[in-house]
Amino acid sequence: MVKLSLRLFPSVAGKLLYCARCYSSRNILTLYERGILQSVFPENRTPDIVKHLRSSSCCVYAGFDPTADSLHIGNLLVLITLVHCQRAGHRTISLIGGATGLIGDPCGRKKERESIDESQLKKNMKGIRKNIENIFTNHESFLWQDKDDLAKNVILDNSKWYSDQNLIEFMSKIGRQFRMSTMLRKESVQSRLKSVEGMSYTEFSYQIFQAYDWLHLYNNYNCSIQIGGHDQLGNTIAGYELITSLSKQPQVYGLTVPLVTTSSGEKLGKSAGNAIWLDSRKTSPFNFYQHFINVADADVLKYLKLFTFLPQNEIDDLMKAQGKNPESRAAQRKLAEQVTLLVHGENGLKLAELSTDILYNQSTEALFALSKDELKKIFNSSPIVSITLEQGLTVLDLVEQAKCFSRPVDAYRTISEGGLYINHQKVTDQAELLIPGQHILPSGITLIRIGKKNRYYVVEWLMF
(Lines give C-alpha, C1' and ligand atoms only; values in the text may rest on other atoms or scores of the structure.)
Protein backbone atom coordinates (compact mmCIF):
# COMPACT_ATOMS: atom_id res chain seq x y z
CA MET A 1 0.00 0.00 0.00
CA VAL A 2 1.37 3.41 -0.89
CA LYS A 3 0.44 6.90 0.17
CA LEU A 4 -0.54 9.16 -2.69
CA SER A 5 2.35 11.56 -2.38
CA LEU A 6 4.16 13.78 -4.85
CA ARG A 7 7.37 13.18 -2.95
CA LEU A 8 7.11 9.39 -3.10
CA PHE A 9 5.87 9.06 -6.65
CA PRO A 10 6.71 12.20 -8.65
CA SER A 11 6.05 10.65 -12.07
CA VAL A 12 2.88 8.80 -11.09
CA ALA A 13 1.54 11.74 -9.09
CA GLY A 14 2.24 14.03 -12.03
CA LYS A 15 0.18 11.79 -14.29
CA LEU A 16 -2.50 11.63 -11.63
CA LEU A 17 -2.85 15.40 -11.38
CA TYR A 18 -2.74 15.70 -15.16
CA CYS A 19 -5.65 13.24 -15.35
CA ALA A 20 -7.49 15.27 -12.76
CA ARG A 21 -7.32 18.35 -14.96
CA CYS A 22 -7.83 16.84 -18.36
CA TYR A 23 -9.81 13.64 -18.20
CA SER A 24 -13.12 12.21 -17.10
CA SER A 25 -14.57 13.05 -13.69
CA ARG A 26 -14.75 9.27 -13.14
CA ASN A 27 -11.18 9.47 -11.86
CA ILE A 28 -11.98 9.48 -8.13
CA LEU A 29 -8.27 9.49 -7.31
CA THR A 30 -8.52 13.26 -7.68
CA LEU A 31 -10.05 13.10 -4.18
CA TYR A 32 -6.43 12.89 -3.04
CA GLU A 33 -6.24 16.64 -3.66
CA ARG A 34 -8.96 17.22 -1.04
CA GLY A 35 -7.20 14.94 1.46
CA ILE A 36 -9.99 12.35 1.26
CA LEU A 37 -7.79 9.51 0.01
CA GLN A 38 -4.69 8.41 1.86
CA SER A 39 -3.43 5.46 -0.15
CA VAL A 40 -4.05 3.11 -3.07
CA PHE A 41 -3.22 -0.59 -3.34
CA PRO A 42 -1.35 -2.16 -5.12
CA GLU A 43 1.29 0.51 -4.99
CA ASN A 44 2.76 -0.20 -8.43
CA ARG A 45 -0.55 0.00 -10.30
CA THR A 46 -1.70 3.59 -9.77
CA PRO A 47 -1.72 4.33 -13.54
CA ASP A 48 -3.78 1.14 -14.03
CA ILE A 49 -6.49 2.23 -11.63
CA VAL A 50 -6.67 5.66 -13.30
CA LYS A 51 -7.19 3.91 -16.64
CA HIS A 52 -9.71 1.52 -15.07
CA LEU A 53 -11.70 4.38 -13.55
CA ARG A 54 -11.73 6.41 -16.74
CA SER A 55 -12.67 3.55 -19.03
CA SER A 56 -16.10 2.73 -17.59
CA SER A 57 -18.43 2.96 -14.65
CA CYS A 58 -16.92 0.84 -11.88
CA CYS A 59 -18.48 -0.75 -8.81
CA VAL A 60 -17.13 0.46 -5.45
CA TYR A 61 -18.00 -0.81 -1.98
CA ALA A 62 -17.41 -0.07 1.68
CA GLY A 63 -18.40 -2.19 4.67
CA PHE A 64 -19.95 -1.26 8.03
CA ASP A 65 -20.27 -3.73 10.88
CA PRO A 66 -23.38 -3.30 13.09
CA THR A 67 -21.57 -2.98 16.43
CA ALA A 68 -23.97 -0.20 17.48
CA ASP A 69 -27.43 0.93 16.37
CA SER A 70 -25.98 3.98 14.61
CA LEU A 71 -22.88 5.03 12.75
CA HIS A 72 -20.95 8.04 14.05
CA ILE A 73 -18.93 10.77 12.39
CA GLY A 74 -15.86 8.55 12.52
CA ASN A 75 -17.61 6.56 9.76
CA LEU A 76 -18.79 9.64 7.88
CA LEU A 77 -15.73 10.15 5.68
CA VAL A 78 -16.08 6.63 4.21
CA LEU A 79 -19.74 7.33 3.37
CA ILE A 80 -18.85 10.69 1.84
CA THR A 81 -16.18 8.97 -0.28
CA LEU A 82 -18.84 6.57 -1.56
CA VAL A 83 -21.03 9.56 -2.45
CA HIS A 84 -18.11 11.11 -4.35
CA CYS A 85 -17.83 7.84 -6.29
CA GLN A 86 -21.54 8.01 -7.05
CA ARG A 87 -21.19 11.62 -8.23
CA ALA A 88 -18.38 10.49 -10.55
CA GLY A 89 -20.70 8.00 -12.26
CA HIS A 90 -19.69 4.83 -10.44
CA ARG A 91 -21.98 2.26 -8.84
CA THR A 92 -21.76 2.00 -5.06
CA ILE A 93 -22.49 -0.73 -2.54
CA SER A 94 -22.81 -0.18 1.20
CA LEU A 95 -22.27 -3.53 2.89
CA ILE A 96 -23.68 -4.09 6.37
CA GLY A 97 -21.94 -6.92 8.21
CA GLY A 98 -24.84 -8.98 9.51
CA ALA A 99 -22.41 -11.92 9.67
CA THR A 100 -19.04 -10.26 10.33
CA GLY A 101 -20.61 -8.11 13.05
CA LEU A 102 -21.08 -11.31 15.05
CA ILE A 103 -17.37 -12.13 14.71
CA GLY A 104 -15.93 -8.72 15.56
CA ASP A 105 -13.17 -6.82 13.82
CA PRO A 106 -10.05 -6.74 16.02
CA CYS A 107 -8.68 -3.60 14.31
CA GLY A 108 -8.07 -0.87 16.86
CA ARG A 109 -9.38 -3.00 19.74
CA LYS A 110 -7.46 -3.75 22.93
CA LYS A 111 -9.83 -6.58 23.83
CA GLU A 112 -12.48 -8.72 22.20
CA ARG A 113 -15.87 -7.16 21.48
CA GLU A 114 -18.79 -8.42 23.53
CA SER A 115 -21.04 -10.77 21.58
CA ILE A 116 -24.28 -9.34 20.16
CA ASP A 117 -27.56 -11.23 20.49
CA GLU A 118 -29.85 -11.62 17.48
CA SER A 119 -32.42 -9.00 18.52
CA GLN A 120 -29.74 -6.37 19.14
CA LEU A 121 -28.03 -7.26 15.87
CA LYS A 122 -31.27 -6.66 13.95
CA LYS A 123 -31.80 -3.35 15.76
CA ASN A 124 -28.24 -2.26 14.95
CA MET A 125 -28.58 -3.23 11.30
CA LYS A 126 -31.85 -1.34 10.98
CA GLY A 127 -30.29 1.79 12.49
CA ILE A 128 -27.22 1.66 10.25
CA ARG A 129 -29.31 1.05 7.14
CA LYS A 130 -31.32 4.17 8.02
CA ASN A 131 -28.11 6.21 8.48
CA ILE A 132 -26.85 5.17 5.05
CA GLU A 133 -30.20 5.76 3.34
CA ASN A 134 -30.40 9.24 4.89
CA ILE A 135 -26.94 10.21 3.62
CA PHE A 136 -27.60 9.21 0.01
CA THR A 137 -31.17 10.57 -0.04
CA ASN A 138 -30.23 13.91 1.51
CA HIS A 139 -27.27 14.28 -0.83
CA GLU A 140 -29.39 13.73 -3.92
CA SER A 141 -32.27 15.89 -2.64
CA PHE A 142 -30.32 18.88 -1.31
CA LEU A 143 -26.71 18.79 -2.51
CA TRP A 144 -26.75 17.30 -6.02
CA GLN A 145 -27.31 19.99 -8.65
CA ASP A 146 -26.41 18.06 -11.79
CA LYS A 147 -29.21 17.12 -14.19
CA ASP A 148 -27.86 13.58 -14.62
CA ASP A 149 -29.42 10.91 -12.42
CA LEU A 150 -27.21 9.19 -9.89
CA ALA A 151 -26.89 5.42 -9.81
CA LYS A 152 -28.77 4.06 -6.80
CA ASN A 153 -26.64 3.07 -3.84
CA VAL A 154 -27.20 -0.62 -3.08
CA ILE A 155 -27.29 -1.74 0.55
CA LEU A 156 -26.44 -5.41 1.15
CA ASP A 157 -26.21 -7.68 4.19
CA ASN A 158 -23.34 -10.18 4.11
CA SER A 159 -25.24 -12.71 6.22
CA LYS A 160 -27.22 -13.46 3.03
CA TRP A 161 -24.29 -15.32 1.48
CA TYR A 162 -23.06 -16.98 4.66
CA SER A 163 -26.37 -18.43 5.84
CA ASP A 164 -26.26 -21.24 3.26
CA GLN A 165 -22.50 -21.80 3.32
CA ASN A 166 -21.20 -25.29 4.03
CA LEU A 167 -18.47 -24.88 6.65
CA ILE A 168 -16.26 -27.72 5.39
CA GLU A 169 -16.59 -26.59 1.79
CA PHE A 170 -15.83 -22.97 2.76
CA MET A 171 -12.68 -23.91 4.67
CA SER A 172 -11.58 -26.29 1.94
CA LYS A 173 -11.89 -23.73 -0.84
CA ILE A 174 -11.37 -20.36 0.89
CA GLY A 175 -9.43 -21.18 4.05
CA ARG A 176 -6.62 -22.92 2.16
CA GLN A 177 -5.90 -19.66 0.26
CA PHE A 178 -4.61 -18.02 3.47
CA ARG A 179 -1.12 -18.54 4.87
CA MET A 180 -0.71 -18.44 8.66
CA SER A 181 2.54 -16.50 8.42
CA THR A 182 0.83 -13.73 6.45
CA MET A 183 -2.17 -13.61 8.78
CA LEU A 184 0.03 -13.44 11.87
CA ARG A 185 1.94 -10.46 10.48
CA LYS A 186 -1.18 -8.27 10.43
CA GLU A 187 -0.78 -5.31 12.78
CA SER A 188 -4.20 -5.89 14.38
CA VAL A 189 -3.21 -9.51 15.12
CA GLN A 190 0.26 -8.65 16.44
CA SER A 191 -1.02 -6.00 18.87
CA ARG A 192 -3.67 -8.34 20.25
CA LEU A 193 -1.33 -11.32 20.62
CA LYS A 194 0.92 -9.14 22.78
CA SER A 195 -1.99 -8.02 24.98
CA VAL A 196 -2.88 -9.60 28.32
CA GLU A 197 -6.15 -11.01 26.99
CA GLY A 198 -4.69 -12.36 23.77
CA MET A 199 -6.89 -13.10 20.76
CA SER A 200 -9.60 -15.65 20.08
CA TYR A 201 -9.68 -17.68 16.88
CA THR A 202 -13.00 -15.99 16.07
CA GLU A 203 -11.37 -12.58 15.79
CA PHE A 204 -8.30 -14.04 14.12
CA SER A 205 -10.54 -15.38 11.35
CA TYR A 206 -12.20 -11.99 10.72
CA GLN A 207 -9.81 -11.12 7.88
CA ILE A 208 -10.86 -14.28 6.01
CA PHE A 209 -14.50 -13.28 6.07
CA GLN A 210 -13.93 -9.68 5.04
CA ALA A 211 -11.73 -10.94 2.22
CA TYR A 212 -14.47 -13.34 1.12
CA ASP A 213 -17.01 -10.49 1.14
CA TRP A 214 -15.01 -8.72 -1.53
CA LEU A 215 -14.63 -11.93 -3.53
CA HIS A 216 -18.41 -12.44 -3.42
CA LEU A 217 -19.06 -8.85 -4.54
CA TYR A 218 -16.45 -9.18 -7.27
CA ASN A 219 -18.01 -12.37 -8.62
CA ASN A 220 -21.64 -11.24 -8.34
CA TYR A 221 -21.50 -7.46 -8.83
CA ASN A 222 -18.20 -7.00 -10.66
CA CYS A 223 -17.10 -4.90 -7.69
CA SER A 224 -13.48 -3.96 -8.37
CA ILE A 225 -12.75 -1.34 -5.70
CA GLN A 226 -12.96 -1.48 -1.91
CA ILE A 227 -12.87 1.68 0.22
CA GLY A 228 -12.18 1.66 3.93
CA GLY A 229 -10.47 3.45 6.77
CA HIS A 230 -6.70 3.22 6.80
CA ASP A 231 -6.95 0.87 9.78
CA GLN A 232 -8.61 -1.60 7.39
CA LEU A 233 -5.49 -1.84 5.23
CA GLY A 234 -4.67 -5.41 6.30
CA ASN A 235 -8.19 -6.68 5.58
CA THR A 236 -8.20 -4.90 2.22
CA ILE A 237 -4.94 -6.56 1.20
CA ALA A 238 -6.32 -9.95 2.30
CA GLY A 239 -9.30 -9.44 -0.01
CA TYR A 240 -7.09 -8.39 -2.90
CA GLU A 241 -4.87 -11.45 -2.47
CA LEU A 242 -7.85 -13.82 -2.25
CA ILE A 243 -9.40 -12.44 -5.46
CA THR A 244 -6.13 -12.51 -7.38
CA SER A 245 -5.47 -16.11 -6.29
CA LEU A 246 -8.87 -17.35 -7.49
CA SER A 247 -9.56 -15.14 -10.52
CA LYS A 248 -7.82 -14.71 -13.84
CA GLN A 249 -6.30 -11.26 -14.50
CA PRO A 250 -8.55 -9.38 -12.06
CA GLN A 251 -8.62 -5.59 -11.96
CA VAL A 252 -9.17 -4.93 -8.26
CA TYR A 253 -7.88 -2.09 -6.12
CA GLY A 254 -8.07 -0.91 -2.53
CA LEU A 255 -8.42 2.73 -1.49
CA THR A 256 -8.12 3.99 2.07
CA VAL A 257 -9.28 7.17 3.72
CA PRO A 258 -7.33 8.71 6.59
CA LEU A 259 -8.21 8.63 10.24
CA VAL A 260 -9.39 12.20 10.75
CA THR A 261 -8.09 14.01 13.82
CA THR A 262 -8.15 17.56 15.11
CA SER A 263 -5.05 19.76 15.03
CA SER A 264 -4.43 18.69 18.64
CA GLY A 265 -4.40 15.01 17.62
CA GLU A 266 -7.81 14.00 19.02
CA LYS A 267 -9.96 11.59 17.03
CA LEU A 268 -12.83 13.29 15.23
CA GLY A 269 -16.19 12.58 16.74
CA LYS A 270 -14.98 11.77 20.23
CA SER A 271 -15.69 14.12 23.11
CA ALA A 272 -14.94 12.81 26.59
CA GLY A 273 -15.37 9.32 25.17
CA ASN A 274 -18.76 10.02 23.59
CA ALA A 275 -19.29 9.61 19.85
CA ILE A 276 -21.19 12.13 17.73
CA TRP A 277 -23.81 9.82 16.25
CA LEU A 278 -25.54 10.08 12.87
CA ASP A 279 -28.87 9.05 14.41
CA SER A 280 -30.84 12.09 15.59
CA ARG A 281 -32.20 10.11 18.55
CA LYS A 282 -28.67 9.62 19.89
CA THR A 283 -27.17 12.99 18.91
CA SER A 284 -29.72 15.72 18.20
CA PRO A 285 -29.38 17.80 15.01
CA PHE A 286 -28.62 20.77 17.29
CA ASN A 287 -25.72 19.01 19.06
CA PHE A 288 -24.49 17.63 15.73
CA TYR A 289 -24.54 21.14 14.22
CA GLN A 290 -22.81 22.59 17.27
CA HIS A 291 -20.00 20.03 17.00
CA PHE A 292 -19.05 21.35 13.57
CA ILE A 293 -19.71 25.03 14.25
CA ASN A 294 -17.25 24.79 17.14
CA VAL A 295 -14.45 23.36 15.00
CA ALA A 296 -11.16 25.17 15.66
CA ASP A 297 -9.90 27.67 13.07
CA ALA A 298 -6.87 25.43 12.56
CA ASP A 299 -9.11 22.55 11.41
CA VAL A 300 -11.90 24.20 9.44
CA LEU A 301 -10.14 24.29 6.03
CA LYS A 302 -9.34 20.57 6.23
CA TYR A 303 -12.89 19.72 7.31
CA LEU A 304 -14.46 21.78 4.52
CA LYS A 305 -12.48 19.72 2.02
CA LEU A 306 -13.25 16.41 3.70
CA PHE A 307 -16.87 16.73 4.77
CA THR A 308 -18.51 19.00 2.18
CA PHE A 309 -18.95 18.88 -1.58
CA LEU A 310 -18.13 22.57 -1.99
CA PRO A 311 -15.83 23.32 -4.94
CA GLN A 312 -12.32 24.50 -4.12
CA ASN A 313 -12.93 28.08 -5.29
CA GLU A 314 -15.88 28.43 -2.89
CA ILE A 315 -13.80 27.03 -0.04
CA ASP A 316 -11.04 29.53 -0.89
CA ASP A 317 -13.56 32.40 -0.77
CA LEU A 318 -14.85 31.23 2.61
CA MET A 319 -11.35 31.10 4.04
CA LYS A 320 -10.59 34.60 2.73
CA ALA A 321 -13.75 35.91 4.40
CA GLN A 322 -12.75 34.10 7.57
CA GLY A 323 -9.32 35.71 7.46
CA LYS A 324 -10.79 39.19 7.17
CA ASN A 325 -13.35 38.67 9.91
CA PRO A 326 -12.49 35.65 12.13
CA GLU A 327 -15.26 36.52 14.61
CA SER A 328 -17.90 35.82 11.97
CA ARG A 329 -16.91 32.13 11.83
CA ALA A 330 -18.26 32.08 8.28
CA ALA A 331 -16.29 28.93 7.42
CA GLN A 332 -17.52 27.03 10.49
CA ARG A 333 -21.13 28.06 9.86
CA LYS A 334 -20.92 26.84 6.28
CA LEU A 335 -19.29 23.60 7.40
CA ALA A 336 -21.97 22.96 10.04
CA GLU A 337 -24.73 23.80 7.55
CA GLN A 338 -23.45 21.47 4.82
CA VAL A 339 -22.70 18.47 7.05
CA THR A 340 -25.99 18.77 8.99
CA LEU A 341 -27.90 19.02 5.71
CA LEU A 342 -26.20 15.84 4.47
CA VAL A 343 -26.84 13.84 7.64
CA HIS A 344 -30.16 15.25 8.90
CA GLY A 345 -31.74 16.84 5.84
CA GLU A 346 -33.51 20.15 5.45
CA ASN A 347 -35.76 19.71 8.50
CA GLY A 348 -32.84 18.72 10.71
CA LEU A 349 -30.82 21.73 9.60
CA LYS A 350 -33.77 24.06 10.20
CA LEU A 351 -34.22 22.64 13.69
CA ALA A 352 -30.48 22.95 14.43
CA GLU A 353 -30.36 26.58 13.27
CA LEU A 354 -33.53 27.54 15.18
CA SER A 355 -32.21 25.76 18.26
CA THR A 356 -28.98 27.75 17.99
CA ASP A 357 -30.96 30.98 17.63
CA ILE A 358 -33.08 30.13 20.68
CA LEU A 359 -30.28 29.01 22.98
CA TYR A 360 -27.55 31.46 22.03
CA ASN A 361 -29.42 34.49 20.72
CA GLN A 362 -32.49 34.09 22.96
CA SER A 363 -34.68 34.60 19.90
CA THR A 364 -38.39 34.91 20.80
CA GLU A 365 -39.29 34.82 17.11
CA ALA A 366 -37.66 31.40 16.75
CA LEU A 367 -39.54 30.13 19.81
CA PHE A 368 -42.88 31.10 18.27
CA ALA A 369 -41.96 29.36 15.00
CA LEU A 370 -41.39 25.89 16.50
CA SER A 371 -43.88 23.12 17.17
CA LYS A 372 -44.35 21.40 20.52
CA ASP A 373 -42.36 18.33 19.42
CA GLU A 374 -39.51 20.46 18.06
CA LEU A 375 -39.24 22.44 21.30
CA LYS A 376 -39.26 19.26 23.37
CA LYS A 377 -36.46 17.84 21.20
CA ILE A 378 -34.35 20.97 21.67
CA PHE A 379 -34.79 20.96 25.45
CA ASN A 380 -34.85 17.20 25.92
CA SER A 381 -32.19 17.44 28.64
CA SER A 382 -34.26 19.97 30.63
CA PRO A 383 -37.14 19.13 32.99
CA ILE A 384 -40.45 18.89 31.14
CA VAL A 385 -43.55 19.26 33.31
CA SER A 386 -47.25 19.13 32.49
CA ILE A 387 -49.58 21.69 34.09
CA THR A 388 -53.32 22.18 33.71
CA LEU A 389 -54.14 25.68 32.51
CA GLU A 390 -56.53 27.40 34.89
CA GLN A 391 -57.93 30.92 34.90
CA GLY A 392 -56.10 33.36 37.15
CA LEU A 393 -52.77 31.49 37.16
CA THR A 394 -49.86 33.80 38.07
CA VAL A 395 -46.15 33.78 37.33
CA LEU A 396 -45.48 32.65 40.90
CA ASP A 397 -47.99 29.80 40.52
CA LEU A 398 -46.21 28.79 37.32
CA VAL A 399 -42.71 28.50 38.81
CA GLU A 400 -44.04 26.74 41.91
CA GLN A 401 -45.95 24.12 39.91
CA ALA A 402 -42.97 23.69 37.57
CA LYS A 403 -40.79 23.15 40.68
CA CYS A 404 -38.18 25.64 39.53
CA PHE A 405 -37.19 26.48 43.13
CA SER A 406 -36.79 24.41 46.26
CA ARG A 407 -37.99 27.28 48.51
CA PRO A 408 -40.61 30.04 47.95
CA VAL A 409 -38.13 32.64 49.20
CA ASP A 410 -35.78 31.77 46.33
CA ALA A 411 -38.60 32.27 43.83
CA TYR A 412 -39.51 35.69 45.31
CA ARG A 413 -35.90 36.88 45.28
CA THR A 414 -35.07 35.63 41.76
CA ILE A 415 -38.20 37.17 40.22
CA SER A 416 -37.77 40.53 41.96
CA GLU A 417 -34.08 40.71 40.98
CA GLY A 418 -34.84 40.09 37.30
CA GLY A 419 -33.57 36.52 37.11
CA LEU A 420 -36.71 34.96 35.63
CA TYR A 421 -37.43 34.81 31.89
CA ILE A 422 -40.58 33.42 30.30
CA ASN A 423 -40.18 32.75 26.58
CA HIS A 424 -36.97 34.84 26.73
CA GLN A 425 -38.83 37.86 28.14
CA LYS A 426 -37.81 39.13 31.58
CA VAL A 427 -40.60 38.98 34.18
CA THR A 428 -40.26 40.86 37.51
CA ASP A 429 -43.84 40.80 38.82
CA GLN A 430 -44.67 37.55 40.59
CA ALA A 431 -48.40 38.40 40.57
CA GLU A 432 -48.51 38.88 36.79
CA LEU A 433 -51.27 36.79 35.21
CA LEU A 434 -50.37 34.29 32.50
CA ILE A 435 -51.62 35.34 29.07
CA PRO A 436 -51.78 32.95 26.07
CA GLY A 437 -49.75 34.33 23.17
CA GLN A 438 -47.34 36.04 25.57
CA HIS A 439 -46.54 33.61 28.36
CA ILE A 440 -47.85 30.60 26.45
CA LEU A 441 -46.56 29.91 22.95
CA PRO A 442 -48.90 28.90 20.08
CA SER A 443 -47.48 25.36 20.47
CA GLY A 444 -48.93 25.11 23.99
CA ILE A 445 -45.47 25.34 25.56
CA THR A 446 -43.95 27.81 28.01
CA LEU A 447 -40.16 28.06 28.26
CA ILE A 448 -38.83 29.18 31.64
CA ARG A 449 -35.23 30.32 32.03
CA ILE A 450 -33.72 30.88 35.46
CA GLY A 451 -30.69 32.99 36.32
CA LYS A 452 -27.31 33.54 34.68
CA LYS A 453 -26.62 29.81 34.37
CA ASN A 454 -29.60 29.46 32.04
CA ARG A 455 -31.48 26.66 33.78
CA TYR A 456 -34.39 25.79 31.51
CA TYR A 457 -37.79 24.29 32.33
CA VAL A 458 -40.34 23.32 29.70
CA VAL A 459 -44.02 23.53 30.64
CA GLU A 460 -46.45 21.56 28.50
CA TRP A 461 -49.93 22.94 29.09
CA LEU A 462 -52.81 20.49 29.42
CA MET A 463 -56.30 21.40 28.15
CA PHE A 464 -54.73 24.03 25.87
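**Exercises on a predicted model**

Helix α7 (residues 167-173) gives the nonpolar patch its largest share, three residues. The model is predicted: local features need pLDDT of at least 70, side-chain atom pairs count only at pLDDT 80 or more, and totals for chains, interfaces and linings use all residues. Residues are numbered from 1 along each chain as its sequence is written, and side-chain values use heavy atoms, with hydrogens and water left out.

**Exercise 1. The nonpolar patch**

Find which residues form the nonpolar patch on the surface, and state their accessible area together.

Step 1. Patches are made of residues with over 30% relative accessible area and no salt bridge; like charges are joined within 9 Å, and nonpolar side chains (Val, Leu, Ile, Met, Phe, Trp, Tyr) within 5 Å. A salt bridge is a side-chain nitrogen of Lys or Arg within 4 Å of a carboxyl oxygen of Asp or Glu. Accessible areas come from the Shrake-Rupley method with a 1.4 Å probe, and for residues only the protein chains shown count as cover. Helices (H or I, at least four residues) and strands (E, at least two) are DSSP runs, numbered from the N terminus.

Step 2. The patch consists of Leu167, Ile168, Met171 and Tyr201, with about 470 Å² of accessible area together.

Step 3. Take Leu167, which lies in helix α7. Buried means under 20% relative accessible area, exposed over 50%, partly exposed in between (1.4 Å probe, protein chains only). Leu167 has a relative accessible area of 61%, so it is exposed.

**Exercise 2. The negative patch**

Name the residues that gather in the patch of negative charge, and place Asp148 in the chain.

Step 1. Lys and Arg count as positive and Asp and Glu as negative, while His and the chain ends are not counted. The place of a charge is NZ of Lys, CZ of Arg, CG of Asp or CD of Glu.

Step 2. The surface patch gathers Glu140, Asp146, Asp148 and Asp149.

Step 3. Asp148 sits in the loop between α5 (118-143) and β5 (154-157). Asp148 counts as exposed because its relative accessibility is 53%.

**Exercise 3. A covered helix**

Work out how many of the nine residues of helix α13 are buried, and what they pack against.

Step 1. Seven of the nine residues of α13 (residues 285-293) are buried, so the helix is mostly covered.

Step 2. The buried residues are Pro285, Phe286, Phe288, Tyr289, Gln290, Phe292 and Ile293.

Step 3. These buried residues pack against α3 (73-87) and α16 (330-361); contact means heavy atoms within 4.5 Å.

**Exercise 4. Backbone exceptions**

Step 1. Most residues other than glycine have a negative phi, and most peptide bonds are trans.

Step 2. Pro42 lies in the loop between β2 (39-41) and α2 (46-55).

Step 3. Gln362 is in the loop between α16 and α17 (364-369), and its relative accessible area of 27% makes it partly exposed.

Step 4. The loop between α19 (395-401) and α20 (408-416) holds Lys403, which is exposed at 68% relative accessible area.
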